[in-house]
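Please have the sequence and the 3D model open side by side. The paragraphs below go through the model step by step, beginning with a question about charged side chains.

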Amino acid sequence: MDASMAPPTPTPRGELVGILSDGLLDPLSGVVRRGRGFGGDGVLKLKLEPLSFVVAWSGVLVLAFNGFPRGIAQLKQRLNQLACLRKENPGSLWPKCTIGAVREGRRLTVDQLRTLNEICARLSAKFFQG
């Protein structure tokens, strides 16, 4: 059996290296391996489908996506099972892209939050829900 097929060693670093090298990333060279999802140019192709604009914690405006691609979801699940890594925060469990945030030390008022939520709902309906 070659080294790439060997199970990860039981050390925390070994567990992490084993998962990262499991067809996704060669931890020694840092090169992403070819496999399913790669284009002819060797670049990993991921498709995220926009779902909606959302006001997240502390007034952070995000674009939420309709789930992670299966390979990324599986990688996240495996990483969350490692004792050497901290569990994900709830806000990291869903796919999103930050668009903007309230300045540090500032908070949205209830009226501002309501208005921003209405704008997000209206734009989400226009762009993503047909």
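With which residue does arginine 114 form a salt bridge? The partner is aspartate 111, and the closest N and O atoms of the pair are 2.8 Å apart. This is a predicted model, so the distance is computed from predicted atoms. Both residues belong to helix α3, where they are three residues apart, or about one turn of the helix. Aspartate 111 is exposed, because its relative accessibility is 51% and the cut-off for exposed is over 50%. Arginine 114, with a relative accessible area of 44%, is partly exposed.

The count of salt bridges comes to two. The other one to look at joins lysine 76 to glutamate 88, with 2.4 Å between the closest N and O atoms. This pair links distant parts of the chain: lysine 76 sits in helix α2, while glutamate 88 sits in the loop between α2 and β3 (96-100), twelve residues apart. Lysine 76 is buried, since its relative accessible area is 19% and buried means under 20%. Glutamate 88 has a relative accessibility of 26% and counts as partly exposed.

The chain has three helices and three strands. Read from the N terminus, the elements follow the order α-β-β-α-β-α. Of the 130 residues, 17% count as buried. The accessible surface of the chain is about 9,900 Å², and 58% of this surface belongs to carbon and sulfur atoms. As for contacts between residues at least 6 apart in sequence, 52% of them join residues at least 24 apart.

Now return to helix α2, which spans residues 70-80. Which of its residues are buried? They are Leu75, Lys76 and Asn80. These residues lie on the same side of α2, because they cover an arc of only 130 degrees around the axis. Arg70 and Gln77 are exposed on the other side of the helix.

Asparagine 80 is found in α2 and counts as buried because its relative accessibility is 19%, with the cut-off at under 20%. Which residues does asparagine 80 touch, not counting those up to four places away in sequence? The answer is Arg86, Lys87 and Glu88.

Helix α3 covers residues 110-128. Besides the salt bridge between arginine 114 and aspartate 111, consider leucine 123, which is also placed in α3. With a relative accessible area of 32%, leucine 123 is partly exposed. Leaving aside neighbours within four places in sequence, leucine 123 is in contact with Phe53 and Phe128. Leucine 123 and phenylalanine 53 are 70 residues apart in sequence, yet their C-alpha atoms are 7.3 Å apart in space.

Leucine 123 is also part of a nonpolar patch on the surface, together with Ile119 and Phe127. The accessible area of the three residues together is about 250 Å². Phenylalanine 127, like leucine 123, is found in helix α3.

Next, consider the cysteines. A disulfide is a covalent bond between the sulfur atoms of two cysteines. How many disulfides are counted in this model? The count comes to zero. Cysteine 84 is partly exposed, with a relative accessibility of 32%. Cysteine 120 is buried, with a relative accessible area of 4%.

The last stop is a point of backbone geometry. Most residues other than glycine have a negative phi. Serine 58 is not a glycine, but its phi is positive, at about 60 degrees. Where is serine 58 placed? It is in the loop between β1 (50-55) and β2 (61-65). Is serine 58 buried or exposed? Serine 58 counts as exposed because its relative accessibility is 63%, and the cut-off is over 50%.

Notes. Residues are numbered from 1 along each chain as its sequence is written. This is a predicted model: local features need pLDDT of at least 70, side-chain atom pairs count only at pLDDT 80 or more; totals for chains, interfaces and linings use all residues. Side-chain values use heavy atoms; hydrogens and water are left out. Patches are made of residues with over 30% relative accessible area and no salt bridge: like charges are joined within 9 Å, nonpolar side chains (Val, Leu, Ile, Met, Phe, Trp, Tyr) within 5 Å. Accessible areas come from the Shrake-Rupley method with a 1.4 Å probe; for residues, only the protein chains shown count as cover. A salt bridge is a side-chain nitrogen of Lys or Arg within 4 Å of a carboxyl oxygen of Asp or Glu. Helices (H or I, at least four residues) and strands (E, at least two) are DSSP runs, numbered from the N terminus. A disulfide is a pair of cysteine sulfur atoms within 2.5 Å. Buried means under 20% relative accessible area, exposed over 50%, partly exposed in between (1.4 Å probe, protein chains only). The arc is that of the directions from the helix axis to the C-beta atoms. Contact means heavy atoms within 4.5 Å.
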